[in-house]
Amino acid sequence: MGEGKNLVGVDIGSSSIKVCQAKEGRRGLAVQRFGYEPLPPQAVVDGQVMEPSVVVETLKRVLAASKVRMKEAALSVSGQSVIIRKITVPVMTEAELAEQITWEAEQHIPFDIKDVQVDYQVLRRRPDASQMDLLLVAARKDQINEYAQLARDAKLKPVIVDIDAFTIQNAYEAMRGLSEQETVALINVGASLSSLNVLSGATSTFTREIASGGNIVTEEIQRQTGVPFEIAELYKAGESPDGGPIPPQVAGAIDQVVDSIAAEIQRSLDFFMATSGEGEVARAVLTGGTSNLVGLSAAIQRRARVPVEVWNPVQNCAVESGVDGVLLQRRGPQLAVALGLTLRRTREARS
Ligand SMILES: Nc1ncnc2c1ncn2[C@@H]1O[C@H](COP(=O)(O)OP(=O)(O)OP(=O)(O)O)[C@@H](O)[C@H]1O
Ligand SMILES: [Mg+2]
């Protein structure tokens, strides 16, 4: 791949916009550009864009500040408008499947089929049972179009729209590789949403979106200390506005809420293990901004009884000149989606 061929990965999250451009070089992956810009709390809520003009202005700012000149972009959607299901269908050829998929999707998707973009992947053929397993993905067209329009309004050319959970898988596969033998749970905990993606034998066999994340920790700190959102966010990260002491209630509030996020994740993992027949989850890998909360990995480990590793996706990345390596590492856990997106084209070219 020549220089600058990768797409710019654009992650419009509910707390912030992240952009990333990286390329595979001789010594592994190098980050060429990256940017981060917070969004005001009501601009994007649970994956829904409430204030498009604020998002576009913020996106333009982050692109300018990070000196991204590449126009072709990969975006990601998540939240309520995305449905991912593992389904079983009779064995058929690729051509038959392409014809049948709309009908099959209709049986499993709670939206009008005309309103969604459907995609699928064959997970496994089981000729003995005359069946095959598919991973079915559907995302609402209006949300895809809305995100694409935001990108166009910021002078980008959107060419790929992916799903958060899969972008994380893409980044993980590129940075760490996938094991045929192991079942690994990838967990991304953001501000308002979390995603779980269980990989068995290098394919995704279970994904779930959890409508919870770091915001509920911030809200609990606000409730217990009476400070506004921005200050509660600082307290949560172990900082204070004037360098003064952090109120003593903060630590307790964090522990309490972190445990409830861990409980949600445990419920999803338990559901996977009870229903999938794919065996035990060997370990979990945690990323996203809320993975910075030190108590979260311990709480998941305690509840789900699997080892949990906090993963900074850019940990082993080199940086090209002009990229602030220290800032990159600090923002690392929040960059998994944007990194997975920028890697889309190289990975496609490879496979
Ligand atoms: N050092 C830190 N300590 C604790 N929490 C942190 C830290 N840094 C970031 N966070 C939290 O991480 C969250 C943002 O993470 P991320 O950028 O992954 O979410 P997002 O993509 O904007 O949101 P979502 O995916 O939910 O729409 C916020 O709740 C923020 O408070
Ligand atoms: Mg996110």
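I count two residues as in contact if their C-beta atoms, placed from the backbone, lie within 7 Å. I am working from a predicted model.

**Entry: H5 and H6**

With that cut-off I looked at helices H5 and H6. Val217, Thr218, Ile221 and Gln222 are the H5 residues in the contact. From H6 they meet Phe229, Ala232, Glu233, Tyr235 and Lys236. I sorted this contact by class and got five nonpolar, two polar and two charged residues.

Next I checked the geometry. H5 covers residues 214–225 and H6 covers residues 229–236. Their axes come within 9 Å and cross at roughly 110°. I therefore note H5 as roughly perpendicular to H6.

**Entry: H7 and H8**

I turned to helix H7, residues 249–275, and helix H8, residues 294–304. Their axes come within 8 Å, with a crossing at roughly 45°. That angle makes H7 oblique to H8. I logged the crossing of H7 and H8 as right-handed.

Which residues make this contact? On H7 I found Ile254, Asp255, Val258, Asp259, Ile261, Ala262, Ala263, Ile265, Gln266 and Leu269. On H8 I found Gly295, Leu296, Ala299, Ile300, Arg303 and Ala304. By class, the contact of H7 with H8 holds 11 nonpolar, two polar and three charged residues.

**Entry: the five-strand sheet**

I traced an open sheet of five strands next. The order reads S13-S12-S11-S14-S15, and the pairing is mixed. S13 and strand S15 (308–310) are at the edges, each with a single partner strand, so one side of each has no neighbour in the sheet. Neighbouring strands here are turned by 20° against each other on average, direction ignored.

I looked at one pair in detail. Strand S14 (residues 283–287) runs parallel to S15, and three bridges join them. Ala284 stands opposite Val308 in S15.

What packs on this sheet? I found helix H4, residues 164–176. H4 touches strand S11 (183–189), strand S12 (194–200), S13 and S14. The direction of H4 makes about 50° with that of S12.

**Entry: the three-strand sheet**

I then traced an open sheet of three strands. Its order is S7-S9-S8, with antiparallel pairing. I marked strand S7 (82–90) and strand S8 (116–126) as the edge strands, each pairing on one side only. On average, neighbouring strands of this sheet are turned by 20° against each other, again with direction ignored.

How many bridges join S7 to S9? I counted nine, and the two strands run antiparallel. Ile87 stands opposite Leu134 in S9.

**Entry: the two domains**

Last, I looked up the domain division. Domain 1 is assigned as 8–81 + 139–216 + 253–350, and domain 2 as 82–138. Their centres, taken over C-alpha atoms, are separated by 25 Å. The contact between them takes 17 residues from domain 1 and 11 residues from domain 2.

Which elements give two or more residues to the side of domain 1 that touches domain 2? I listed strand S9 (131–140), helix H3 (141–153) and strand S13 (203–210). S13 gives the largest share of that side, six residues. By class, the side of domain 1 that touches domain 2 has six nonpolar, seven polar and four charged residues.

Terms used:
Residues are numbered from 1 along each chain as its sequence is written. Chains are lettered from A and ligands numbered from 1 in the order in which they are written. This is a predicted model: local features need pLDDT of at least 70, side-chain atom pairs count only at pLDDT 80 or more; totals for chains, interfaces and linings use all residues. Axes are lines fitted to C-alpha atoms, for helices over the stretch in contact, and angles run from 0 to 180 degrees between N-to-C directions. Helices (H or I, at least four residues) and strands (E, at least two) are DSSP runs, numbered from the N terminus. Angles under 35 degrees count as roughly parallel, over 145 as roughly antiparallel, 65 to 115 as roughly perpendicular and the rest as oblique. A crossing is left-handed if the near helix is turned anticlockwise from the far one by less than a right angle, and right-handed if clockwise. Ala, Val, Leu, Ile, Met, Phe, Trp, Tyr, Cys and Pro count as nonpolar, Asp, Glu, Lys and Arg as charged, and the others, Gly among them, as polar. Domain bounds come from an automatic or database domain assignment. Two strands pair if DSSP finds at least two bridges between them.
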